[in-house]
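Open the structure in your viewer and keep the selection tool ready. The stops below are taken one at a time.

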Amino acid sequence: MPHRYAIPVLEAANCIILGKDRELRLALACLIARGHLLIEDLPGVGKTTLAHVIARLIGLHFQRIQFTSDLLPADIVGVSIFDREAGSFRFHPGPIFSQLILADEINRATPKTQSALLEAMEERQVTADSETHPLPDPFFVIATQNPSHQIGTFPLPESQLDRFLLRIRLGYPDRSAERALLMGEDRRELLERQQAVVQPEDLLAMQQAAHAVAVSERLIDYVQALLTRTRHSPELVTGLSPRAGLGLIAAARAWALIAGRDHVLPEDVQTVFPHVAAHRLHTAGDGRSVTPEVLAQLVRDVAVV
C-alpha cells in the first residue's frame, strides 16, 4: 500500500526536526491531501526548516519567496518581456512555478501581493496577460506567518486563509529535544547531506491512494454534525463552510493513510479538526481566532454517531 512511502519520510524528518513528530505528520498529511499548509509561530522555531526538509526528502523542486512590503505580484507569478527577435512578448515564469513553494512571512507583504497566490493555490494555474499557465504537479504551498501583533504585518483576509487546508504551530521544543538540538550538528548541514528517500511519483501515488480511502455514511453524518455545531455556536462569528467540510474529510483520509488504514475513523477527524478549523473560525465579540480550548469543546459537544 502506498502509505509505506510515508514511513521513511517521517523517520528522516524526525532526525532533523526534533520532538515534532505530530506536526510533521500533519504537514505530510496536508501534502498528501493536496492542500496547502499555514505555519504560524515565532521566528526561529523551525518553520523554514520544515519546508526545506519536506522538499529534500521527497525530491521536490523547491523555491523560497521572502515576502516583504515591497514585493510585487509579478515577483511571484512572472512577467512578460518583449522578445525583439520574435517580435512578441514572451512570458518568463516566476518562482511560483515550482513543486513546493515556501511563502516565508506571508503576512509581511501587502494584500495585493498576497492575492497573487489565490489563483495558484485554488486552481493550480496562473493567468498572465490573458494566458493561463498550468503549475507543476504536485504543487504545495507552505506559508509561514508571524504573529499579527508584530510590527509590519498585514493580516491575511478570510478568502486567503481559506485556501490553506491546515494550520499548525511548531512551538518551542521540549527540554530533551532542545538539549539534543543545542549539542548536535547544525540542522542546515544535516539537511545538505540528506538525500531524497522517496520520489515525486511516490507522493502522487500516496495522493491517489488517499483519495480512495473509504469514508462511511455514518462518518459523513459525524462531519456534518461538527459543521452544524460550529454554525450554531454563540461563541463564533460564523461557522465552517462546505469547503472546510471537504477539507476536513480530505485531511482525515490522508491521516488514516499515514496510519496504514484504508478507512477513516472518527478519531482521524478529531485529530485534524482543530488544524482545519482554527484559522477559519473567529470568536464573537473580539473577532479573534478561536483558542484550542474552544475547538476541543466543539469536538466534545458532538457525539460520535
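Which residues of α3 are buried? Lys 47, Leu 50, Ala 51, Val 53, Ile 54, Ala 55, Leu 57 and Ile 58 are; buried means under 20% relative accessible area, with exposed over 50% and partly exposed in between (1.4 Å probe, protein chains only). This is a predicted model, in which local features need pLDDT of at least 70, side-chain atom pairs count only at pLDDT 80 or more, and totals for chains, interfaces and linings use all residues. Residues are numbered from 1 along each chain as its sequence is written, and side-chain values use heavy atoms, with hydrogens and water left out.

Helices (H or I, at least four residues) and strands (E, at least two) are DSSP runs, numbered from the N terminus. Select residues 47-58, helix α3: its end C-alpha atoms are 17 Å apart, which agrees with the 16 Å that twelve residues should span at 1.5 Å a residue. The expected span is 1.5 Å times one less than the number of residues. Gly 59, with a positive phi near 70°, follows α3.

Next, select strand β5, residues 100-104. Five of its five residues are buried, so β5 is largely enclosed by the rest of the structure. Leu 100, Leu 102 and Asp 104 point one way, and Ile 101 and Ala 103 the other. Gln 66 has Asp 104 as its bridge partner in β5.

Last, select helix α12, residues 242-258. Twelve of its 17 residues are buried, so α12 too is largely enclosed by the rest of the structure. Among them are Leu 248 and Trp 255.

Definitions and conventions: Two strands pair if DSSP finds at least two bridges between them.
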